[in-house]
Amino acid sequence: DYGRLGSGTREKRSTPTKVDGIEAACQVACGSTHTVVVCQGGCVYVFGSGESGKLGLGDTERQLLPKENGALSTVGVSKAACGTQFTVALTSSGQVLVCGTATWMPNGGNSKVPIAMATLSHEQVVDIAVGDTHCIALTCDNRVYCWGNDNVGQCGQGIAQSSRVNPSTVQGIPDDVPLQQISAGTSHSIAWTTIPSGR
């Protein structure tokens with residue numbers, strides 16, 4: 001459905017099928033209805049539902065085939081992550097860009113093109129992860145920020161609330177514990193002190 005498989009149709013696939021038109025892919029992010037692929041050199045392709053502008057192409061059109069996101073391909077994206085109605089991208093310089101719809105988004109909660117998270121502009125971010133409706137970021141100096149939906153405490157503030165508009169430092173992580181990676185599920189967050197095995 002939605003074209004999120006990048007095959008040119010909306011048909012289901014019961015076996016793995018190569019996505020044509022993408023070479024040297026190094027990272028793939030999947031939302032519930034859209035997909036983002038980061039290639040070597042920073043080229044970024046998107047496909048699937050364009051609802052809420054989450055493909056970052058300036059519109060809400062569905063893309064059945066991979067389409068290059070020119071705005072992201074020119075800023076040196078090193079990683080992408082997909083929420084339900086938004087996309088987050090991390091550049092090699094540590095900048096965080098977002099597009100789509102969420103209560104915490106700049107521009108009144110919606111942007112059809114990638115825009116910078118100004119609230120993190122003072123930080124050099126080295127890793128990002130997202131759940132369905134919340135985000136988490138790890139900085140070069142070992143700080144972890146969370147923002148978005150916090151209805152079950154997934155933002156790590158010690159108390160749950162419906163939403164956190166601005167990135168807040170996660171509580172309870174000792175300053176002398178070096179972190180290597182962050183991860184997020186639908187409504188939970190994880191900070192890793194060692195890289196998970198089997199990778």
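Predicted model: local features only at pLDDT ≥ 70, side-chain atom pairs only at ≥ 80, totals over all residues.

Guide: The side chain of Thr-35 comes to 2.8 Å from the backbone oxygen of Arg-4.

Visitor: Where is Thr-35 found?

Guide: Thr-35 belongs to strand E2, which covers residues 34-39.

Visitor: And is Thr-35 buried or exposed?

Guide: Thr-35 counts as buried, because its relative accessibility is 6% and the cut-off for buried is under 20%.

Visitor: Which residues does Thr-35 touch?

Guide: Leaving aside residues up to four places away in sequence, Thr-35 touches Arg-4, Val-28, Ala-29, Cys-30, Tyr-45, Val-46 and Phe-47.

Visitor: Changing topic, what about the backbone: which phi does Tyr-2 have?

Guide: Tyr-2 has a positive phi of about 70°, although Tyr-2 is not a glycine.

Visitor: Where does Tyr-2 lie?

Guide: Tyr-2 lies in the segment that precedes strand E1 (25-30).

Visitor: What is the phi of Asn-142?

Guide: Asn-142 has a positive phi of about 75°, and Asn-142 is not a glycine either. Its place is the loop that links strand E10 (134-139) to strand E11 (144-150).

Visitor: Now the wider view. How many helices and strands are there in the protein?

Guide: The protein contains two helices and 14 strands.

Visitor: What radius of gyration does the protein have?

Guide: The value is 16 Å. This agrees with a compact globule, because 199 residues packed in that way would give a radius of gyration near 16 Å. Along the principal axes, the C-alpha atoms fill a box of roughly 50 × 40 × 35 Å.

Visitor: What share of the residues is buried?

Guide: Buried residues account for 45% of the 199 residues. As for the surface, the protein exposes about 9,600 Å², and carbon and sulfur atoms supply 50% of that area.

Visitor: What share of contacts joins residues at least 24 apart?

Guide: The share is 42%, taken among contacts between residues at least 6 apart in sequence.

Visitor: Lastly, how far apart are the mean positions of the positive and negative charges?

Guide: The protein has 13 positive and 15 negative charges, and their mean positions are 7 Å apart.

Key:
Residues numbered from 1 in each chain as written. Heavy atoms only, no water. Helix = DSSP H or I, 4+ residues; strand = E, 2+ residues; numbered from the N terminus. Buried < 20%, exposed > 50% of the residue type's maximum accessible area, 1.4 Å probe, protein only. Polar contact = N/O pair within 3.5 Å; in protein donor to acceptor, adjacent residues only side chain to side chain. Contact = heavy atoms within 4.5 Å. Rg over C-alpha atoms; globule rule 2.2 N^0.38 Å. Areas by Shrake-Rupley, 256 points an atom, 1.4 Å probe, with all protein chains shown as cover. Lys, Arg positive; Asp, Glu negative; His and termini not counted. Charge placed at Lys NZ, Arg CZ, Asp CG, Glu CD.
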